[in-house]
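Reader: I am new to this structure and would like to learn how to read it one feature at a time. Please give me the general idea first and then the case at hand.

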Amino acid sequence: MNQARILLVDDDRELCALVEEYLGEEGYAVESVQDPVPGLEAACSGRYQLVILDVMLPRLSGLELLRQVRARSRVPVLMLTARGEEVDRIVGLEMGADDYLPKPFNPRELVARIRAILRRTDGDTESPREPTAPARIEVGDVCLQPPARRVTRSSEVVDLTALEFDLLKLLLESAGQVLSRDELSRKILDREFRPYDRSLDVHVSHLRRKLGPHPDGSERIQSVRGVGYVYAPLRE
């Protein structure tokens with residue numbers, strides 16, 4: 001079994017040492033960088049399956065570093081944010097972070113978030129692909145191909161993150177049926193939905209923007225207040 005290589009960018013040396021030790025015991029190969037400038041180059045090097053990035057960094061903020069990483073790489077990023085700083089969490093997700101974890105955190109929660117992200121991005125070698133995945137799922141002008149993890153809209157490729165791809169797959173498989181936020185959160189984020197957790201809503205917003213509306217202008221992914229979301233096929 002290959003170890004997943006993880007990069008931790010955080011200026012707190014004590015925290016870095018603790019995370020390295022704990023994740024090492026869980027079978028991960030962790031390297032930490034305290035300076036965000038070399039941290040940026042390391043994050044974009046292609047050597048890591050996941051980057052853990054602190055929002056509060058000297059010289060270059062974690063959000064700015066995330067912006068620069070996303071301009072150069074699609075490596076999954078887990079943001080560490082100050083507890084109560086919801087703005088940082090939302091902005092981080094909007095800028096392309098895969099998930100966030102408020103400080104201080106329980107190490108077991110950190111491992112759970114890491115495993116969920118690596119499963120989505122095939123970085124977890126313990127999670128095999130679905131052997132019976134269909135060759136394609138087509139709903140209207142959208143075609144999703146699970147084996148190739150490819151999505152097209154009217155034959156044009158739509159560039160999605162691993163999480164957005166899995167979210168769209170669930171919605172297309174149940175097109176016309178409402179999926180609850182709790183079900184989507186459990187299947188996509190690997191955790192129960194919490195009323196103040198905006199992660200799922202932000203990822204749905206990204207997916208809407210990338211897919212655009214139906215040709216008639218109607219919304220593809222519709223909100224059902226108090227329940228969840230539904231992919232609404234275009235009515236003929």
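Reader: Is the crossing of H4 and H8 left-handed or right-handed?

Author: A crossing is left-handed if the near helix is turned anticlockwise from the far one by less than a right angle, and right-handed if clockwise; in this predicted model, helix H4 crosses helix H8 in the right-handed sense. The labels come from DSSP runs, helices (H or I, at least four residues) and strands (E, at least two), numbered from the N terminus.

Reader: Which residues make the contact of H4 and H8?

Author: Contact means heavy atoms within 4.5 Å, and here Ile90, Leu93 and Glu94 of H4 meet Ser199, Val202, His203, His206 and Arg209 of H8. These residues divide into 3 nonpolar, 3 polar and 2 charged, where Ala, Val, Leu, Ile, Met, Phe, Trp, Tyr, Cys and Pro count as nonpolar, Asp, Glu, Lys and Arg as charged, and the others, Gly among them, as polar.

Reader: At what angle do the axes of H6 and helix H7 cross?

Author: The axes of H6 and H7 (residues 181-189) cross at roughly 135° and come within 10 Å, so H6 is oblique to H7. The crossing of H6 with H7 is right-handed. On the H6 side the contact involves Leu163, Asp166, Leu167 and Leu170, and on the H7 side Leu184, Lys187, Ile188 and Leu189; by class, these are 6 nonpolar, no polar and 2 charged residues.

Reader: Now the sheets: in what order do the strands of the 3-stranded open sheet lie?

Author: Two strands pair if DSSP finds at least two bridges between them, and in this open sheet the order is E10-E12-E11, with antiparallel pairing. Strands E10 (179-180) and E11 (221-224) each have a single partner strand, so one side of each is left without a neighbour in the sheet. E10 pairs with E12 (residues 228-231) over 2 bridges, and Ser180 has Gly228 of E12 as its bridge partner. Helix H8 (residues 199-211) packs on this sheet, touching E11 and E12, with a direction about 145° from that of E11. Helix H6 (residues 162-173) lies across E10, E11 and E12, at about 70° to E12.

Reader: Over how many bridges do E11 and E12 pair?

Author: E11 and E12 pair in the antiparallel sense over 4 bridges, with Tyr231 of E12 as the bridge partner of Ile221. Their hairpin has 3 residues between the strands, and Gly226 takes a positive phi near 75° there.

Reader: What is the order of the open sheet of 5 strands?

Author: That sheet is ordered E2-E1-E3-E4-E5, and its pairing is parallel. Strands E2 (29-33) and E5 (99-103) are its edges, each pairing on one side only, while neighbouring strands are turned by 20° against each other on average, direction ignored. E1 and strand E3 (residues 50-54) are joined by 4 bridges, and Leu50 in E3 is the bridge partner of Ile6. Helix H1 (residues 13-25) packs on the sheet, touching E1, E2, E3 and E5, and its direction makes about 170° with that of E2.

Reader: Which residues does a cis peptide bond join?

Author: Lys103 and Pro104 are joined by a cis peptide bond with omega of about -10°, and Pro104 sits in the loop between E5 and helix H5 (107-120).

Reader: What is the mean pLDDT of the protein?

Author: pLDDT, the predictor's confidence in each residue from 0 to 100, has a mean of 88 here, with 93% of the residues at 70 or more. Over residues 123-131 the pLDDT is below 50, and this stretch has 15 contacts in the model beyond near neighbours in sequence. Where pLDDT is low, the predicted coordinates should not be read in detail. Among the elements, helix H4 (residues 86-94) has the lowest mean pLDDT (83) and strand E1 (residues 5-9) the highest (97).

Author: Residues are numbered from 1 along each chain as its sequence is written, and side-chain values use heavy atoms, leaving out hydrogens and water. As this is a predicted model, local features need pLDDT of at least 70 and side-chain atom pairs count only at pLDDT 80 or more, whereas totals for chains, interfaces and linings use all residues.

Terms used:
Axes are lines fitted to C-alpha atoms, for helices over the stretch in contact, and angles run from 0 to 180 degrees between N-to-C directions. Angles under 35 degrees count as roughly parallel, over 145 as roughly antiparallel, 65 to 115 as roughly perpendicular and the rest as oblique.
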